[in-house]
Amino acid sequence: MNENSDKTKEMEPSLSWRLFWRELWRLLSPDHRLINYILAITVLGAVFDLAKPYILKILIDNLYNFQSIDLSFLLWLIVLYLGSGQVRSLIQYFNDRAILKLLVKIEYHLGLKAQDKLLNLSLGYHERENTGAKIVKIERGVDRISTLINNISWEVAPTLVQLAFTIPALFWADWRIGISFLIFTPLFIFVTYWSNQKMYPVRKEIYKSYETASGKMAQSIININAVQSFVQEEREFNEFSDIKAGIRDNENKQWGWMMKIGLGRNIIVDIGRAAVLFLGVYFVYHGEISVGTLIFAFTLSEMAYSSIYRLSRFYDRMEEGRAGVNRLLTLFNAESEVKNEEGAIIPEKIEGKIEFKDVSFQYREAKVMALDRVSFKISAGTTVALVGPSGGGKTTVARLLYRHYDPTSGKVMVDDKDIKSFDFNAYRRFLAIVPQEVEIFDVSVRDNIAYANPAASLAEIEAAARIANAEEFILKLDKGYDTLVGERGIKLSGGQRQRLGIARAILARPKILIFDEATSNLDSQSESLIQEALGRIGRHRTVIIIAHRLSTIKKADKIIVLENGKVAEQGSHLELSQVAGGLYAKLLKLQNLGEISE
Ligand SMILES: Nc1ncnc2c1ncn2[C@@H]1O[C@H](COP(=O)(O)OP(=O)(O)OP(=O)(O)O)[C@@H](O)[C@H]1O
Ligand SMILES: [Mg+2]
């Protein structure tokens with residue numbers, strides 16, 4: 001269909017009706033008791049709904065019985081009529097209260113569930129799906145489920161229960177009128193079902209486009225700097241408006257069609273009602289039934305027809321929301337690529353010995369291997385540098401070590417154990433990383449540094465900032481450590497963000513510390529200060545430094561050169577710099593030339 005049909009297929013929900021309801025029911029498991037309670041009250045309400053027309057029938061039949069009008073009996077009937085109405089309202093009150101409670105509860109725990117799911121889905125999922133689309137999927141999905149439950153509780157359940165009582169009552173009042181009802185109903189049901197089936201693809205398309213539109217909008221806002229700098233506002237706007245126009249056209253198509261079908265369904269129902277009236281009058285005329293029975297039967301058939309009409313309207317709306325609910329259910333069912341094995345060990349402590357054993361890895365949507373049979377060993381407490389050309393697989397090594405992804409083949413071992421045998425959350429607490437792009441939250445400097453260790457005291461935070469060479473600039477900010485740094489740290493320079501990232505990682509007190517180009521945004525002077533600090537903090541831990549500037553890594557105990565996903569060389573600076581024709585020696589030569597001017 002399009003270039004990411006693979007991607008679409010994965011996200012394309014295709015739940016059958018039965019599966020859809022089963023999934024939904026499972027999703028609502030915390031509310032099953034409340035739902036059953038609502039159902040019970042609904043049945044009670046439906047019984048009382050029949051009481052009023054029946055009392056009316058007795059009243060009228062008694063009135064026509066001129067010889068023996070018993071006034072006090074009639075009066076009692078009227079009181080009963082009034083009383084049953086009051087009881088009905090009271091039942092409705094309890095019903096409504098329970099339904100509202102249910103709706104509020106659903107909104108609450110579905111929201112939590114969605115957040116929980118997103119937080120725990122592995123990085124792989126998040127990297128494949130766009131932020132705006134994820135948010136719309138959740139918002140629309142939760143909204144549609146609420147609407148669905150709303151409709152079921154207030155319309156479908158009462159209507160269905162009512163139908164279950166009215167149809168037998170109708171047959172009891174007069175079976176011939178009952179049969180006339182049964183003739184028109186299947187036709188009506190068929191038209192409703194058929195027209196909605198026809199619209200399903202259009203509706204699915206609408207929901208997909210809503211996600212695309214939101215994704216597009218989020219992209220242009222996140223990258224607003226690029227948009228404005230390259231004067232692409234108009235293009236961004238036009239692309240967005242094309243998606244929106246598609247939605248508009250599909251919505252029009254959908255509603256236009258449904259309105260037309262609505263007219264058709266009205267005609268069927270009206271003919272059905274006329275038939276009841278015709279039959280009823282005919283039977284009264286021939287003295288086969290009483291006027292009271294006619295009114296009773298007619299009221300019942302009115303109730304029944306308006307019931308199936310309401311049901312059909314509800315069915316339309318439910319079909320309209322089904323595509324949206326399906327998309328959310330698919331998100332809830334998405335499986336994390338990284339999972340804890342059964343009986344995963346919670347490590348008490350780790351020493352920090354690392355080994356990659358024949359590790360190969362391929363990103364799901366990539367053509368080539370990011371790592372191809374990579375093997376190396378890092379002793380506990382040493383400092384190792386990963387170098388090599390861009391795209392060589394350095395960051396990927398860090399991600400595998402972190403268990404954001406599992407290797408396609410081979411093993412990542414820490415302290416001689418496959419890291420898959422650890423509980424990954426417990427294991428990750430022993431690691432800290434300063435990523436290539438430090439992620440900064442829109443909170444204060446202090447909270448950003450203490451992110452991994454919220455209980456840290458101000459003194460500890462300041463110490464970490466000092467080691468990261470960040471204190472100087474922090475004290476110059478208008479509120480010092482309490483300064484809010486803006487979304488994604490927008491108020492800070494690149495080097496400042498990096499230093500916050502370093503302080504954050506230091507404060508996490510990891511056993512394994514990874515620096516992914518952590519000093520690339522720093523000037524040579526700040527860099528050498530951090531170098532020196534690294535020497536100090538690296539003493540009791542394993543440190544992996546990923547760097548392009550080779551000057552930063554000369555002191556490393558070991559250097560591993562990665563090229564095209566393979567280990568090209570490994571050894572100390574001295575060893576590697578002497579390999580004639582070696583990649584490291586070549587890089588070194590290039591950089592020495594470049595650094596003459598510095
Ligand atoms: N999420 C991803 N999905 C698909 N392919 C990816 C993903 N992340 C990285 N890659 C690919 O994997 C390969 C290795 O990437 P990696 O980020 O490990 O390189 P790197 O050595 O860190 O490069 P750099 O020095 O530029 O940071 C690259 O070819 C890259 O295109
Ligand atoms: Mg990288």
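A residue is classed as buried when 20 or more other C-beta atoms lie within 10 Å of its own, as exposed when 12 or fewer do, and as partly exposed in between. On this basis, in the predicted model, arginine 509 counts as partly exposed because it has 18 C-beta neighbours inside 10 Å. The backbone of arginine 509 adopts a positive phi of about 45°, although the residue is not a glycine. Arginine 509 is placed in the loop between α16 (494-507) and β7 (512-516).

A positive phi in a residue other than glycine also occurs at valine 231, where the angle is near 50°. Valine 231 lies in the loop that runs between α8 (224-229) and α9 (233-285). With 8 C-beta neighbours inside 10 Å, valine 231 counts as exposed.

The domain assignment divides the chain into domain 1 (19-333), domain 2 (347-430 + 512-598) and domain 3 (437-509). In this assignment, domain 2 is given as two segments, 347-430 and 512-598. Between the C-alpha centres of domain 1 and domain 3 there is a separation of 53 Å.

Key: Residues are numbered from 1 along each chain as its sequence is written. Chains are lettered from A and ligands numbered from 1 in the order in which they are written. This is a predicted model: local features need pLDDT of at least 70, side-chain atom pairs count only at pLDDT 80 or more; totals for chains, interfaces and linings use all residues. Helices (H or I, at least four residues) and strands (E, at least two) are DSSP runs, numbered from the N terminus. Domain bounds come from an automatic or database domain assignment.
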